[in-house]
Amino acid sequence: MDRWEHVMTAGREPDIAAGRLAPEDYKTNFGDLHPPLDKHQAFVEADRCYFCHDAPCITACPTGIDIPMFIREIQTDNPKGAAETIFSQNILGGMCARVCPTEVLCEQACVREAAEGKPVRIGELQRYATDVLMEEEAHPFTRQPSTGKVVAVVGGGPAGLSCAHRLAMHGHDVTIYDGREKIGGLNEYGIAAYKTVDDFAQDEVNFILSIGGITIETGQQLGRDITLAELRERFDAVFLGLGLAGVNAVELPHDPFSGADDAIDYIAELRQADDLDALPIGRRVVVVGGGMTAIDQASQSKRLGAEDVTIVYRRDEDRMGASDRARELAQTDGVNIKYNAQPKRLIDTKGHVSGIEFEYTDERGGALMGTGETFVLEADMVFWAVGQNFVLSPADGEAIKTSQGRIAVDQERRTNLLDVWAGGDCIAGGEDLTVVAVEDGKIAAESINRVLSA
Amino acid sequence: MADLRSSFAGIKSPNPFWLASAPPTDKEYNVVRAFKAGWGGVVWKTLGEDPPIVNVAGPRYGGVHAGDRRLIGLSNTELITDRPLPINLEEIKRVKRDWPDRALVVSLMVPCEEPSWKAILSAVEETEADGIELNFGCPHGMSERGMGAAVGQVPEYIEMVARWCKAATRMPVIVKLTPNITDIRYPARAAKAGGADAVSLVNTVNSITSVDLDHFAPEPSIDGKGVHGGYSGPAIRPIALSMVSEIARDPETQAYPISGIGGISTWRDAAEFLALGAGNIQVCTAAMTYGFRIVEEMISGLDHYLDEKGFSSVDELVGRAIPNTTDWQYLNLNHVTKARIDQDLCIECGRCHIVCEDTSHQAITATKNGRRHFEVVDAECVGCNLCVNVCPVENCITMEQLSSGADPQSGAPTTGYLNWTQHKNNPMAKRTEPAE
């Protein structure tokens with residue numbers, strides 16, 4: 001018998017329970033991570049902007065939002081004008097204000113970061129302005145008269161929504177197909193709950209759809225319910241915003257058992273849960289991985305009341321995909337992060353995971369090697385968060401060209417098929433950010449419009 | 001979407017935002033950039049007779065800064081154009097041809113002799129510019145030569161030159177007024193009497209922005225010497241607003257077109273000038289502080305404001321505040337207000353207390369029940385509003401009207417209407433007629 005099993009388990013049942021916290025704690029833990037700025041705070045913060053020429057923040061923003069202008073519009077008490085400035089470049093400016101890693105984008109480029117180490121709080125100002133306008137009934141943009149052209153958008157995530165909205169603005173009729181029950185993609189199913197509270201993802205979807213001219217078909221998955229060939233037949237153009245459906249796996253030797261799952265599945269369940277106190281979480285949780293998903297899973301586990309949460313990443317700190325700010329958040333939540341260790345073996349007791357053995361790693365000559373030194377962490381739940389990948393086959397695998405495992409596109413986001421465009425996480429060369437997906441959708445829409453108007 | 005199109009003294013532009021005559025409107029290069037940025041019109045930097053004047057080859061600007069080095073006042077010793085007249089005229093003609101929908105007015109300053117004005121007017125007419133603006137405002141340089149403010153401070157000269165110009169051209173004539181004068185109504189009346197189509201105000205205010213305390217010269221200095229300059233920017237906006245309102249209220253210049261100038265930086269500044277009677281506005285210092293893109297904020301802001309108010313065009317805003325602009329002696333002495341501090345917004349800095357205690361009426365507490373707490377004492381508060389203006393948090397202190405009983409501070413009534421002309425303490429009081 002393995003000596004670790006003997007020491008750890010001794011007939012212990014896995015400690016997995018719901019309702020570990022008092023009801024008000026769930027509200028606190030899953031409330032707004034960054035409470036919105038009130039008017040006074042917004043004015044004080046907006047006042048710090050220098051209204052730079054050819055501002056570095058605009059260059060740093062993947063959607064090229066005219067940041068100094070929208071901040072000036074907040075300063076002059078014209079928040080709706082500010083929101084229009086934002087939405088004209090990024091129709092998902094509301095969600096981006098909540099989830100964008102501004103600390104490595106616009107706020108990092110801000111000249112006040114260079115001057116005093118204290119950038120203007122651009123993300124929070126963006127939320128302030130977009131919140132004001134989204135309270136309104138009226139959509140800020142007007143649809144052009146109908147062109148009679150029809151476009152299919154596959155995937156109702158940020159890339160698809162952005163593309164659909166811009167096409168609808170130009171007067172085309174758009175149908176969004178999505179395999180899930182609700183559209184919104186990762187905004188609805190993946191972003192950490194405390195970043196998007198009060199069903200904001202769906203509010204934003206409704207806001208976007210209110211331009212008119214967009215039909216939604218949910219429960220329609222490419223490959224299963226519809227094919228690319230038939231879409232190309234029925235529509236004048238197709239946009240693929242498929243995201244990353246595949247989940248990277250960690251192959252480990254073990255007997256069949258439960259308790260080790262993909263983090264993205266648990267996060268999706270958490271996002272859709274009506275009552276967080278009904279969601280079971282282990283007392284001891286281990287998360288394998290080093291990106292934002294790992295951080296989100298770990299933080300949310302702690303916030304559900306797990307006692308010990310550890311992230312184990314196979315490389316060292318500098319190589320972690322998660323941003324500094326995300327890592328600090330997790331650590332403030334009490335998550336322990338261990339570096340330079342990779343999973344070696346899962347340990348189970350009576351068919352359920354009870355621990356996970358890791359081996360320390362070392363990078364030699366560019367390759368990651370085990371050092372031979374191991375340790376074991378007790379775990380009632382293990383989550384894999386080692387990345388997602390693109391699954392090509394639903395998108396007519398033979399015909400579409402790929403590059404490094406994702407769809408290859410040109411500068412206008414056009415694939416090798418002249419009536420098919422693509423954007424978001426499913427295309428090669430992207431940064432897997434919501435804001436980049438929005439830009440892809442917008443560029444593709446302008447390109448499709450150009451082609452359809454020719 | 002409100003209609004921002006403007007027609008001022010018969011001159012049309014797509015919006016009421018013009019640039020004033022100054023370095024930003026010196027050359028074709030600048031003006032074309034301005035039009036590309038969206039400005040509705042420009043007044044070309046003042047042309048004069050050749051040979052052109054020369055500017056100093058060194059600092060021409062002094063500044064006054066608020067916190068974080070925010071520029072709130074700019075003083076300049078810049079003169080009129082230092083480029084030859086033919087080059088300017090050629091550029092004006094070309095720009096007007098290329099931008100037909102934008103207003104292009106030419107500012108002029110020549111010696112106070114009719115032939116000089118006739119000659120330059122005929123040259124400007126040939127450019128097909130939309131109008132001329134007579135520069136009677138430069139407080140430095142030119143006034144030392146009998147031009148600029150030397151004319152603007154003498155109403156008779158204004159009327160005379162305006163008359164010469166109206167006789168010599170069919171173009172609309174705008175007279176730009178200097179604020180360095182006691183009563184702005186006299187120059188405005190003179191411009192109108194001379195037949196001018198409109199006035200624009202204000203030009204710059206005499207100023208020295210700072211003194212070098214090591215070399216003992218005003219700044220900026222050239223070769224160790226400093227001079228007074230012309231002050232502009234947000235710091236002078238209140239002076240300009242008051243002068244615009246004086247002209248708009250004056251029965252002799254009622255509805256006389258006024259182009260508002262003076263520290264306009266945002267849509268709100270512009271709207272305030274319009275509300276006090278300006279038909280359009282001109283900007284300079286804000287553009288010289290932030291660049292031409294500021295016009296985008298102005299357009300967006302004014303548009304949203306007009307929509308919110310249900311105004312379909314700018315004209316509906318012009319002069320709307322004039323009926324409510326009166327003289328001090330007619331203010332209602334029975335309208336009593338007291339300051340109210342919102343304890344939820346108060347950050348307890350204590351500034352309201354100390355300014356009231358040291359310099360005013362000792363009407364704000366510093367403590368209550370032994371703890372730091374700031375609250376207004378009605379029996380001492382005269383409603384002066386000083387605390388509202390020094391408080392760093394917007395809307396933390398507001399004024400509340402007392403609507404019944406007597407004022408606890410003065411014992412005076414709080415209802416009805418009584419002004420100084422009727423008050424018993426006024427030896428010149430007019431008694432009200434007894435009721436029939």
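Ala260(A) sits across from Val382(A) of β15(A). This is a predicted model, in which local features need pLDDT of at least 70 and side-chain atom pairs count only at pLDDT 80 or more, while totals for chains, interfaces and linings use all residues. Residues are numbered from 1 along each chain as its sequence is written, and chains are lettered from A and ligands numbered from 1 in the order in which they are written.

Strand β15 (residues 381–385) of chain A runs parallel to β7(A), and three bridges join them. Strands here are DSSP runs of E with at least two residues, helices are runs of H or I with at least four, and numbering goes from the N terminus. Two strands pair if DSSP finds at least two bridges between them.

## The five-stranded sheet

Those strands belong to an open sheet of chain A, with the order β7-β15-β9-β10-β11 and parallel pairing. β7 (260–262) and β11 (336–338) of chain A are at the edges with a single partner strand each, so one side of each has no neighbour in the sheet. On average, neighbouring strands of this sheet are turned by 20° against each other, direction ignored.

Two helices lie across strands of chain A. Helix α15 (residues 263–272) of chain A covers β7, β9 (284–289) and β15, at about 75° to β7(A). Helix α16 (residues 292–303) of chain A lies across β9, β10 (308–312) and β15, at about 170° to β9(A). Angles run from 0 to 180 degrees between N-to-C directions, using axes fitted to C-alpha atoms, for helices over the stretch in contact.

## Another strand pair

Strand β2 (residues 150–154) of chain A has four of its five residues buried (20 or more other C-beta atoms within 10 Å of a residue's own, with C-beta atoms placed from the backbone). β2(A) pairs with strand β3 (residues 173–178) of chain A in the parallel sense over five bridges. Val151(A) has Val174(A) as its bridge partner in β3(A).

## A helix pair in chain B

Now for chain B: the axes of helix α5 (residues 155–168) and helix α6 (residues 185–193) of chain B come within 7 Å and cross at roughly 25°. That makes α5(B) roughly parallel to α6(B) (angles under 35 degrees count as such).

On the α5(B) side, the contact uses Pro155(B), Glu156(B), Ile158(B), Glu159(B) and Ala162(B), which meet Tyr186(B), Pro187(B), Ala190(B), Ala191(B) and Ala193(B) of α6(B). Contact means C-beta atoms, placed from the backbone, within 7 Å.

How values were computed: Buried ≥ 20, exposed ≤ 12 C-beta atoms within 10 Å, placed from the backbone. Parallel < 35°, antiparallel > 145°, perpendicular 65-115°, else oblique.
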